[in-house]
Amino acid sequence: MTELVLSRPVKGRSLWIDAWRRLTANRAAVVSVVYLLLMGVACLVGPLLTGHHYTTIYTDYVRVPPSLTAYPKPDQISGMLDELIRRMRVDLVAWNDQDDRISLTIRSSRPIDPRVVRYFDRSSSFADPKVETTSPDGLTLTLSTAVAKHYFLFGTDNTGRDLLTRTLIAGRVSLAIGLLAGLTAVVIGVIYGATAGYLGGRIDDIMMRIVDVLYSLPFIFLVIMLVVFFGRNFVLMFIAVGAVQWLDMARIVRGQALSIRRQEYVQAALALGVSPLGILWRHVVPNTLGPVAVYMTLLVPQVILLESFLSYLGLGVQEPLTSWGVLIAQGAKNIPSATWLLIFPSIFLTSTLFALNFLGDGLRDALDPKDR
Amino acid sequence: MLRYVLRRLLTAIPTLFLIVTLSFFLLRVAPGGPFSQERGLSPEVRANLERVYQLDAPLWRQYLSYLGNLLHGDFGPSYNLPDFTVADLFRVGLPVSVQLGASALVLALILGSILGIVAALRQNRGVDYAVVALATAGSTIPTFVIAPLYQLVFALTLAWVPVAGWGGGALVNKIGPALTLALPQIAIVARLMRGAMIEALRANHIRTARALGLGSWSVVVKHALRGALLPIISYAGPAAAALLTGSVVVETVFAIPGVGRYFVDAALNRDYTLVMGTVVVIAVFVIMFNLIVDLLYALVDPRVRYD
């Protein structure tokens with residue numbers, strides 16, 4: 001008996017495996033993906049690690065510049081003490097600084113209630129105050145207190161909140177908005193475009209005419225109307241923004257669908273009696289996903305920019321919540337005196353947009369069938 | 001050709017009509033009205049105001065009378081700037097915005113094209129990477145970051161230019177706004193030109209021209225550039241319409257008396273007539289430039305004909 005030697009069937013390379021290989025060979029795209037992942041993790045986890053809550057106000061540290069060393073600076077302690085002493089309505093006799101603790105002597109014309117130490121507790125700059133000695137007449141008190149150390153790596157804003165924490169929280173909001181609106185646009189655009197392109201003929205004409213009319217309406221007008229309708233609810237608002245951004249997506253997908261519906265496999269499916277909905281779902285939509293993926297990575301930065309523009313106009317996220325756009329708008333208003341308020345959020349926003357753009361370019365190259 | 005233009009102009013009429021209708025009702029359905037935000041307005045005064053502007057009439061009648069006025073070229077009075085008609089505001093503001101937008105457009109087309117061509121000719125080398133990085137930066141840094149930075153550096157620190165203001169259109173006043181307006185466009189034009197030029201340089205007729213011994217400069221300018229212009233033209237149409245009708249951010253930051261500033265304020269304050277006027281003007285610009293783009297196509301690409 002002759003033995004049949006079957007060669008192993010040639011394993012085809014699917015579009016996606018192929019694209020993945022080429023994407024991972026593109027260094028800029030890989031760096032961008034890693035950067036975006038890091039940014040996402042930093043914004044999710046970071047606010048828990050900075051040691052500040054994004055709404056905490058440090059009245060002693062309003063608009064302090066960024067610094068790698070802890071606040072208070074040695075020359076600030078005296079000013080902060082004076083402020084506290086004034087509020088305690090006593091006189092400061094002497095104070096000195098020794099191994100992280102400050103000891104001070106206060107005097108008053110009336111007996112001092114030892115509970116005045118609470119003023120130190122309430123201040124965010126001091127901690128663990130103790131009454132060391134009380135003079136027999138009760139007019140003089142010796143106290144000691146620890147100095148609370150705070151790190152403000154990015155400085156603080158106009159109301160004394162930590163900018164690093166706020167930038168990370170803002171990142172959560174901006175990224176979430178970008179993804180949310182991007183996804184909404186993709187879903188609407190793909191369904192609309194695939195339907196128009198696949199059905200063709202008169203329905204296609206009417207559907208695309210509608211897109212044309214919406215195109216000629218000034219974009220910002222639509223957005224403002226949506227803001228008016230949905231109020232300040234930013235989740236709803238950005239679903240709405242996504243609902244405006246789908247126009248380009250619909251056009252791209254329609255063009256793809258027009259050519260897909262003439263392919264043999266679609267005709268085969270038709271001959272087998274697959275319903276139009278089934279063909280759309282099984283054949284048309286998956287085959288448009290390449291350009292859609294590219295467009296989505298370019299859409300997300302557009303939406304983030306749009307959000308920052310709306311926030312700049314005062315229509316975006318409301319305080320105390322914040323977004324990169326809000327921070328940048330506030331920074332731009334403070335520019336001659338407090339440049340860090342503009343610089344740090346701008347770096348975060350711009351670098352994220354950079355990474356998204358490089359990823360989009362990489363995806364486009366990877367999915368371009370001409371480049372094989 | 002002439003028949004084509006006429007046909008296009010005729011089809012623009014229903015489009016404009018749809019746009020006017022859609023935005024009219026969209027505006028009216030939105031909660032609030034032009035006089036609902038002023039506090040301390042007694043109901044009687046408000047009712048009187050609304051009667052003066054015929055806002056108490058049924059919606060369909062208001063719509064018909066607005067359409068009728070529009071056909072006569074009457075945009076109506078502005079509700080929030082009571083001494084002006086919408087037409088007055090445009091007469092003053094539109095030339096300023098158009099002037100600024102045109103400078104930005106010219107800047108964007110020239111600088112963007114040069115950058116794109118240089119990058120394409122030196123593909124995957126230092127210059128190319130620099131242009132791509134610059135283009136990415138230009139389209140990712142928001143205008144409202146660049147504009148204050150420009151003011152900080154050139155007006156406050158170096159004192160070369162005034163901080164803001166129009167100054168009757170003096171050149172020093174225009175540089176900053178025109179540049180900040182143009183920067184994102186320069187970035188996009190450079191990207192488009194780079195991509196199109198790379199494609200064009202690969203085409204067979206370019207190889208033939210090279211093989212015939214034409215100088216590389218004449219190949220680029222006379223032959224490749226022509227093919228590469230198409231995507232630029234199709235981008236420049238909508239971009240021109242957007243630039244010439246003013247920008248909210250640039251006009252606000254540089255205190256320029258153009259029309260871009262009105263739009264957002266008007267929409268927020270439900271200044272119905274001013275919003276509608278702006279919508280109409282923008283739509284006319286969009287339609288006009290789309291037509292110009294299609295005509296330019298025929299001029300640049302002999303394969304495109306309109307008969």
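Okay, let's start with one residue: B:Arg226 touches B:Leu299, B:Val300 and B:Pro302, leaving out residues up to four places away in sequence. Contact here means heavy atoms within 4.5 Å.

Before going on, some housekeeping. This is a predicted model, where local features need pLDDT of at least 70, side-chain atom pairs count only at pLDDT 80 or more, and totals for chains, interfaces and linings use all residues. Residues are numbered from 1 along each chain as its sequence is written, chains are lettered from A and ligands numbered from 1 in the order in which they are written, and side-chain values use heavy atoms, with hydrogens and water left out.

Back to our arginine. B:Arg226 sits in helix H9 of chain B, residues 216-244. Helices are DSSP runs of H or I with at least four residues, strands are E runs of at least two, and both are numbered from the N terminus. Buried means under 20%, exposed over 50%, and partly exposed is in between, using a 1.4 Å probe and protein chains only.

Now zoom out to chain B. How many helices does chain B have? Twelve, and zero strands. The C-alpha trace spans about 85 × 60 × 30 Å along its principal axes. Of the 307 residues in chain B, 46% are buried. And if you take contacts in chain B with a separation of 6 or more, 75% of them join residues 24 or more positions apart.

Over to chain A, and A:Thr184, which is in helix H5, residues 163-199. A:Thr184 has a relative accessible area of 15%, so it counts as buried. Who are its contacts? A:Thr184 touches A:Ile239, A:Gly242 and A:Ala243, again not counting residues up to four places away in sequence. A polar atom of the A:Thr184 side chain also lies 2.7 Å from the backbone oxygen of A:Leu180.

Last stop, a helix pair in chain A. The axes of H11 (residues 324-333) and H12 (residues 340-367) come within 8 Å and cross at roughly 145 degrees. Those axes are lines fitted to C-alpha atoms, for helices over the stretch in contact, and angles run from 0 to 180 degrees between N-to-C directions. On the H11(A) side, the residues in contact include A:Trp324 and A:Leu327, and on the H12(A) side they include A:Phe348 and A:Thr352.

How values were computed:
A polar contact is a pair of N or O atoms within 3.5 Å; within protein, one must be able to donate a hydrogen and the other to accept it, and residues adjacent in sequence count only if both atoms are side-chain atoms.
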